[in-house]
Amino acid sequence: MIFYDFEVFKYDWLIVAIDMISKQEHVIINDPDQLKKLYKQHKNNIWIGYNSRSYDQYILKGILCGFDPKEINDFIIVKGKPGWQFSSLLQQIPLNNYDVMTSHHGLKQLEGFMGNSIKESSVPFDIDRKLTSSEIAETVKYCRHDVMNTIEVFLQRKAEFESHLGLIKMFDLP
């Protein structure tokens, strides 16, 4: 299982991905080749995120296809369109994605419910320049915090995940 989250800015993007089997963290910043390598290594794993069904999976697939992640981000966030409509090429990237967001609560709201500190990004997402090294470091810290809370939400909702897997096995689904 790979828990992951993307952050996308006009000139920068990053992913924090935590492999729960090896207990290894991957932080990739603006490097599509490193992302392709990570994807190839974990192509058959289950990628788990919060709101990843609507956002992160399309950023991942888009970068793998060579698209600008900011264009995909704006297509989804600004235009309010579903990520699958961005390009039919995204459908050609196989991804076992599981979205922990099974309610209408945002991750920050759940962080509060769990008694965790709520961390908002101190780096505005509408910056019209490359991020500084300190802004990148702060964004990695913020993104890691979200991934760690996604893991905690997953553990609280593990029975739902196991139910999904049970149905897949019962009906011999791909």
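This is a predicted model: local features need pLDDT of at least 70, side-chain atom pairs count only at pLDDT 80 or more; totals for chains, interfaces and linings use all residues.
Five strands line up in the order S3-S2-S1-S4-S5, giving an open sheet with mixed pairing. At the edges stand strand S3 (24-29) and strand S5 (96-99); each has a single partner strand, so one side of each is left without a neighbour in the sheet. Ignoring direction, neighbouring strands are turned by 25 degrees against each other on average. Zooming in on one pair, strand S4 (residues 46-49) runs alongside S5 in the parallel sense, and four bridges link the two.

Helix H2 touches strand S1 (2-8), strand S2 (13-19), S4 and S5, and the direction of H2 makes about 80 degrees with that of S1. Helix H5 (residues 133-156) touches S1, S2, S3, S4 and S5. For H5, the angle with the direction of S1 is about 145 degrees.

Two packed helices are described by the angle between their axes and the distance between the axes. For helix H2 (residues 56-65) and helix H3 (residues 69-77), that angle is about 145 degrees, and the axes lie 9 Å apart. The two helices cross in a right-handed way. On the H2 side, Tyr 58, Ile 59, Gly 62 and Ile 63 make the contact, while H3 brings in Pro 69, Ile 72, Asn 73 and Ile 76. Sorted by type, the residues of this contact come out as six nonpolar, two polar and no charged.

Terms used
Residues are numbered from 1 along each chain as its sequence is written. Side-chain values use heavy atoms; hydrogens and water are left out. Axes are lines fitted to C-alpha atoms, for helices over the stretch in contact, and angles run from 0 to 180 degrees between N-to-C directions. A crossing is left-handed if the near helix is turned anticlockwise from the far one by less than a right angle, and right-handed if clockwise. Contact means heavy atoms within 4.5 Å. Ala, Val, Leu, Ile, Met, Phe, Trp, Tyr, Cys and Pro count as nonpolar, Asp, Glu, Lys and Arg as charged, and the others, Gly among them, as polar. Two strands pair if DSSP finds at least two bridges between them.
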